[in-house]
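Dear colleague,

My notes come after them.

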Amino acid sequence: MSLALRIALREMRAGLRGGLRGFRVFLLCLMLGVAAIAAVGLVREAIRQGLAEQGATLLGGDAQYGFTYRRATDAERGWIASHAARVSETITMRSMIGVGDAFTLTQIKAVDAAYPLNGRLVLDPPDAVLDEKKGVPGAFVDGVLADRLGLVPGARFTLGGKTFEMRARLLSEPDSTGRDTLFGPRTLVSLSALEGTPMLAPGSLFDSAYRVQLRPGDDLVTLKRQAAAQFHGTGMNWTDSRRPSPGTERFTDQLSAFLVLVGLAGLAVGGSGMSSATSAWISSKAETIATLRALGASAGLVRRVFAVQLGVLTVLGIALGLLLGAGLVMAAAPQIAGALPFPVAVGLSVRPLASAALFGALTVVLFTLWPLGRMTRIGAARLYRPGRAGGWPGWGAVVSSAVVLIVLAGAACAETGRTGLSLAVLGGVAAALVLLALMGRGIGALARRLRPLGRGRPVLHLALAALGGPGGEGRAVMISLGLGLTVLSSIGQIEAGLRSAIRNDLPAVAPAFFLIDILPDDRAALLDRLAALPGVTRTETAPMLRGVIDRINGRPAREVGGDHWVLRGDRGVTFAETPREKLTAGSWWPAGYDGPPQASFAAKEGAELGLKLGDRIGVNILGREIEATITSFRDVDFSTAGIGFVLTLDPAALAGAPHTEIATVYATPAAEAPVLRLIGHDFPNVTAIGVRGALERVGEALASVSKAVLLAASVTLAVGFVVLIGAAAGGEGARAREAAVLRSLGATRATVLASFALRAALAGAVAGIVAVAGGVLAGWAVMDRVMNLPYSIAWGPAFAIVVAGVGAVVLAQIAFALRPLGLRPARVLREAE
Amino acid sequence: MADTVLSVADARLVLDGGAGPVEILRGITLNINRSESVGLVGPSGSGKSSLLMLMGGLERASDGRVTALGEDLGALSEDALARFRRGAMGIVFQSFHLVPTMTARENVALPLEIAGAPDAWERAGAELETVGLGHRAGHYPAEMSGGEQQRTALARALVTRPAILLADEPTGNLDQANGAAVMDLMFRLRTEYGTTLILVTHAPELAARCDRVVRIEDGRIAADEDRA
Ligand SMILES: Nc1ncnc2c1ncn2[C@@H]1O[C@H](COP(=O)(O)OP(=O)(O)O)[C@@H](O)[C@H]1O
Ligand SMILES: [Mg+2]
């Protein structure tokens, strides 16, 4: 056994007798951080596995050919059928379900006889069918919606102006990840019934999907390649069971990336606690170290002695963390599985646990390198000249920290798959730490300068001395507290931002309804009828087609613009004679323009994509590729929920393309019901989407995100609490001694308490200021940059967190000062003698 | 007995040691007059420091009575004791107990500030000059030698011009020259202000200058020798 190991073990044996006292904070911080990351990782893994295993069921087949806005042509259908064992066609679209005078938005899914290829529908009653009975087609209505509308099996209702009979409550569809009901609950009908309605008129906004089961011997890779060649330029989009729900997957990955990062931030908060615990431990061992040095031990040997001990503790802390994280997930497995719209098996898997362990270990290394580096600088001289710990840890520690930081950043990027976000969060944490350290120094210097102010005011004088004097206990508290508060305040700002988005703070000018699928021929009549309704103040319309922006200057758009939301899936595209918004650059096409296609792009989104005037933009509309030159940019405001198109083309460019119109209806709340009735009765193929309701549904989705965020934040809160209590407890001895001395000098307990409270409040206030600034920055970055949601500073949460943080520090300090204050000074002072 | 500033009557002190209660002081009776200088001597562990703490009101007698300047210390609350100490008592601890985050001058000014003296800062500077540490006024305790810390602690105890000075081995860390200077200082205070000196010491030179030497052994007074 090496010498270092032997000394380390001997030291630990002695330490264990003290019951790991000084290491409770270290272990707890490490454990909580690792547990949080492990738990997030396990849940994400379960979702990923669920998606992978249920791929074919969730997708509704082995592969899916999707078309927006149209059905496959006979030739296309023929090709698809000839390359599959079985085919099932479905059409989804939004519509209005009407019972008597009540009209509500619903998401129709029309299915053929082959549906579902995989899995089964769960109905109540279970054996209901969609077939026509006495000339009336059947429908299955989402259970909740049916209950709300009072629909029971046998009841009749209208859908797009056509009468249907309710046959069963729809309890679950196999091919749903729960993400496709944003525009209303589901109504399932047969494809043949839908074909008889005007809802599939050219230009209507619907999606068709052809799900296939592979022929024996075929494989997805080959079929995908063949399909890509066959359907090139037709706007067909391919999905297969390997990634059945890219949307769900992206959402899960994004959310878990965010949660992992929150966990990492929590771990960093714990790291500052671990760092102080290590420093305190090393200080308490200064005599041992000096003695070892005096006996001829090298700095390296001393470092190894302590590294071995830290290593053992780290392994212990990580193991406890993994146990806790896995235990929590396993305990909550039924609830987790129940909360997800598709079956998942929540279980243990190695990868997430391993990466949680890795993050824990890296954090420990990162945060103990400095104290360890400083320790090496404790020489034998310390024996007769007790001094302070702290100071420069040496270049070795700095370089090693940098290396560990890079490894940690790399691991975080790999784990979350979101390099930019990971680097931003880690950079933010690092910046907050550096800022806090600098502020700590600044406050120290300031406190030293302000000391004359304290003369004659013992409470203030003592507080300034604690902040500005050597030892810097106040500064250490400030750093860990500040980091904790910064993370919490960031989460607070983000959460508040999400909540305000949920609260549907409708802009004053927001419309009451969006109308879609207006046939151009109906437009004039609809406008007249709407204008005649009392309470309808304004109606705007625009032609609308859907297209995918797929090329920029001849290159695939995503290569140029990356993963920008504008390039994700299909977008609404319009054409216009005159500009709807203010131009920011370029000029509009002249009236009656009939030259090569021209385009006007939204200014902000254009700038984000790096577009400039003269760039060529390729958009695929109905399988037809149109390339237009950007001749102007417009200032489009998407926040008012009014009509706003990223891309507007000149009318000639889209001449002849079948299209529908959309409209926004501005109306008083009292006019909303009459508008719905008018549309339900007289314009059955038009769908009215209530803006309030749509925002509510978006709100529900955001609410679950915000719940997850709060859950993750609670880990940071717990870690911060441990660090805070640890710091307060760690300073208890010094504070007890100080209190006793002050009392021996004639200070009352109130004076002593006031001085402790004041210094805690000062340190807390500085930490709080950094936290508010950091939080606002993070809130803006996440809301505005990442989520594309409007952000305004939530002063309430910002101050609440700071006040709560400062209050917590002051209370913790006071709580830990009360016991020694209750003791007789002699007891405290005697122990030191 | 009008001149008695401090009286200890059959005081006992029982503390909870690791193995049950330990009787540290076993019935001490002692009357100390104004301006008297009393040296407390005795072997290590005999209870000298404990007795000093008792007299300073930093410890309460388990039994018996401690009266200082006419106040029954046992009857005072902790805060009343603290207030009582202001101006009445200066205490020098065996291990100084300076506030580590404060400079020498700030440490010395502290009791005056606590007592609300308006000229605390100036008086602290002057007091440091008196103990020969004017050049060290801006230093922190960690930057001073043991002797310098001890003199700072003494200055802090003397600066309020207390009626009673309680000092636990005030020359323990000092070389002969410094030790002599500190002794002079304490005795000068007595001459100038009539301060009562109660000094725990191992140093024969210091004991020799006291009016009275009380020898403590095993928590009892073994000898009480009046040399005045
Ligand atoms: N906190 C304590 N609890 C119990 N006994 C103690 C404590 N501190 C000191 N003692 C004991 O009290 C006795 C007297 O100590 P002390 O007054 O410091 O003696 P002296 O100053 O004469 O060396 C010693 O035997 C010591 O071991
Ligand atoms: Mg002693």
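The notes below cover salt bridges, helix packing and backbone geometry.

The model is predicted, so local features are reported only at pLDDT of at least 70 and side-chain atom pairs only at pLDDT 80 or more, whereas totals for chains, interfaces and linings use all residues. Residues are numbered from 1 along each chain as its sequence is written, chains are lettered from A and ligands numbered from 1 in the order in which they are written, and side-chain values use heavy atoms, with hydrogens and water left out.

Salt bridges

A salt bridge is taken here as a side-chain nitrogen of Lys or Arg within 4 Å of a carboxyl oxygen of Asp or Glu. Over all chains, 43 salt bridges are counted.

One of them joins E415(A) to R351(A), with an N to O distance of 3.7 Å. The two residues are 64 positions apart, E415(A) in helix 13 (residues 395-416) and R351(A) in helix 12 (residues 350-375) of chain A. Helices (H or I, at least four residues) and strands (E, at least two) are DSSP runs, numbered from the N terminus. E415(A) is buried at 7% relative accessible area, while R351(A) is partly exposed at 46%. For these terms, buried means under 20% relative accessible area, exposed over 50%, and partly exposed in between (1.4 Å probe, protein chains only).

E540(A) and R580(A) form another salt bridge, at 3.4 Å from N to O. E540(A) belongs to strand 12 (residues 536-552) and R580(A) to the loop between strand 14 (571-575) and strand 15 (583-586) of chain A, so this pair ties together parts 40 residues apart in sequence. E540(A) is partly exposed, at 23%, and R580(A) is also partly exposed, at 40%.

In chain B, the closest N and O atoms of D224(B) and R212(B) are 2.9 Å apart in a salt bridge. D224(B) lies in strand 10 (residues 220-226) and R212(B) in strand 9 (residues 212-217), so parts twelve residues apart in sequence are tied together. D224(B) is partly exposed at 39%, whereas R212(B) is buried at 8%.

A network of salt bridges links R71(A), R77(A), E89(A) and E195(A).

Helices

In chain A, helix 14 (residues 419-454) packs against helix 23 (residues 749-786) at an angle of about 160°, their axes being 10 Å apart. This makes the two helices roughly antiparallel, a term for angles over 145 degrees. Axes are lines fitted to C-alpha atoms, for helices over the stretch in contact, and angles run from 0 to 180 degrees between N-to-C directions.

Where the two helices meet, helix 14 of chain A contributes L421(A), L435(A), L436(A), M439(A) and I443(A), and helix 23 of chain A contributes V766(A), A767(A), V770(A) and V786(A); contact means heavy atoms within 4.5 Å.

In chain B, seven of the eight residues of helix 1 (residues 48-55) are buried, so this helix is largely enclosed by the rest of the structure. Just after helix 1 of chain B, G57(B) has a positive phi of about 75°.

Backbone geometry

The peptide bond from Y115(A) to P116(A) is cis, with omega near -10°. D124(A) and P125(A) are likewise joined by a cis peptide bond, with omega about 0°.

K134(A), which is not a glycine, has a positive phi near 50°. K134(A) sits in the loop between strand 4 and strand 5 of chain A and is exposed, at 83% relative accessibility.

With kind regards

Technical notes:
Angles under 35 degrees count as roughly parallel, over 145 as roughly antiparallel, 65 to 115 as roughly perpendicular and the rest as oblique.
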